[in-house]
Amino acid sequence: MIVITTPTGQVGQQVLERVLDSGAAARVIARDPARLPAHVHARAEVVQGSHGDADVITKALAGADRLFWLVPPPGFNSADGSERYYLDFTRPAADAIRGRGVQVVGVSTLGHGYQGSAGLLSAALAMDKLIEGTGTAYRALALPFFMENLLRQVQPIREQGTFSMANAAGRTLPAVATRDVAAAAAALLLGATWRGQASVPVASPDNLAPDDMAGVISDTLGRTVRYRQIPVADSEAAMRQRGASPAMARDFAGMVEAQNNGIYDAEPRDPHRAGGTSFRQWCLDTLKPAVEA
Ligand SMILES: NC(=O)c1ccc[n+]([C@@H]2O[C@H](COP(=O)([O-])OP(=O)(O)OC[C@H]3O[C@@H](n4cnc5c(N)ncnc54)[C@H](OP(=O)(O)O)[C@@H]3O)[C@@H](O)[C@H]2O)c1
């Protein structure tokens, strides 16, 4: 039995579809089962509740041998910051997993081995340590920037021909399409011959800086789109203005500083991994239709 968290989320949903397509027995944990499509109700067991809740995760793991684990993105207004949030959310699962022989595939960050604080990314690395501390078999999907983050910038791309972030314009920003994350997760969940603990980097075969991404976006849309780099301090202040807690604004800024400082290069990976979605392909398949909709 494979337990899948966040079946309504962008990654979890795609993992679930792959597991269902394989015919393996699946159980999902959903806060609101009414949000799940009919074919999921027909083909998977559903446990209602949050996977951050001890009773819910314990019930969901009964008789299960594999778990897809994803901590929902933290809210902007969390006063305690992201590390506390990731650890508090994961602790009930860690307690429930201990001694059960469950193989866990978790969504984490690229950058294992980075020395220094990295805000939100440090929180994901701390989560890995918590899960590893249970002694369970674990694969941490080591993921860089999701290409889908750019879907939040469809409007400025369409209306102003720009997209903006605090990432350094000329520094490579490894990225991954979430369909490749789901494919890697499903392969690990379904081919569970692995043991022990390791991180599994998954990144696109190209290795572009934001300025290069702007060039690819321009090519695929057939019009000029420019990258606008915002100072990290300005993006932190803008988050505060939008209601983020000081701790969360700092954690987001700390993440970007670490990205600009090369955190993703701290963990070795194969940049030519066969089969990964290139940024150009993702733009053609996903960004272009969204901009032109
Ligand atoms: N964005 C990036 O560049 C990036 C890079 C590397 C790693 N990551 C990691 O990827 C993860 C985000 O994945 P995603 O994009 O698939 O997220 P997402 O699309 O925002 O989905 C969030 C999911 O969490 C569920 N959820 C929200 N709050 C919950 C709660 N309190 N209890 C239980 N479930 C809850 C939502 O379900 P309902 O609302 O339907 O209940 C939904 O299924 C994060 O852990 C992040 O650190 C992101």
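Helices (H or I, at least four residues) and strands (E, at least two) are DSSP runs, numbered from the N terminus. The views below show a predicted model, in which local features need pLDDT of at least 70 and side-chain atom pairs count only at pLDDT 80 or more, while totals for chains, interfaces and linings use all residues. Residues are numbered from 1 along each chain as its sequence is written, and side-chain values use heavy atoms, with hydrogens and water left out.

**View 1. Thr 6 in the loop between strand E1 and helix H1.** Thr 6 has its place in the loop that links strand E1 (2–4) to H1. The phi angle of Thr 6 is near 45°, a positive value in a residue other than glycine. Most residues other than glycine have a negative phi. Thr 6 counts as buried because its relative accessibility is 13%; buried means under 20% relative accessible area, exposed over 50%, and partly exposed in between (1.4 Å probe, protein chains only).

**View 2. The shell of residues around the ligand.** The ligand is surrounded by 22 residues, and the closest are Thr 8, Arg 35, Ser 50, Val 71 and Tyr 86. Here a residue is near a molecule or strand if one of its heavy atoms lies within 4 Å of it. By residue type, the shell divides into 12 nonpolar, 8 polar and 2 charged. In this count, Ala, Val, Leu, Ile, Met, Phe, Trp, Tyr, Cys and Pro are nonpolar, Asp, Glu, Lys and Arg are charged, and the others, Gly among them, are polar. Helix H1 (10–22), helix H4 (82–97), strand E5 (103–109) and strand E7 (145–146) each supply at least two residues of this shell.

**View 3. Helix H4 and its bend at Arg 91.** The 16 residues of H4 should span 22 Å at 1.5 Å a residue, and this agrees with its end C-alpha atoms, which are 22 Å apart. The expected span of a helix is 1.5 Å times one less than its number of residues. At Arg 91, H4 bends by about 35°, and a proline, Pro 92, follows within four residues. The bend at a residue is the angle between axes fitted to the seven residues ending there and the seven starting there. Among the buried residues of H4 are Tyr 85, Tyr 86, Phe 89 and Pro 92.

**View 4. Gln 103 in strand E5 and Tyr 138 in strand E6.** Gln 103, found in strand E5, is buried because its relative accessible area is 10%. Gln 103 and Gly 196 are 93 residues apart in sequence, yet 9.1 Å apart in space, C-alpha to C-alpha. Tyr 138 has its place in strand E6 (residues 137–143) and is buried, with a relative accessible area of 0%. Between Tyr 138 and Gly 106 there are 7.5 Å in space, C-alpha to C-alpha, and the two are 32 residues apart in sequence.

**View 5. Ser 204 in the loop between strand E10 and helix H8.** Ser 204 lies in the loop between E10 (197–201) and H8 (210–221). With a relative accessible area of 5%, Ser 204 is buried. The side chains of Ser 204 and Asp 206 are joined by a polar contact of 2.5 Å. A polar contact is a pair of N or O atoms within 3.5 Å; within protein, one must be able to donate a hydrogen and the other to accept it, and residues adjacent in sequence count only if both atoms are side-chain atoms.
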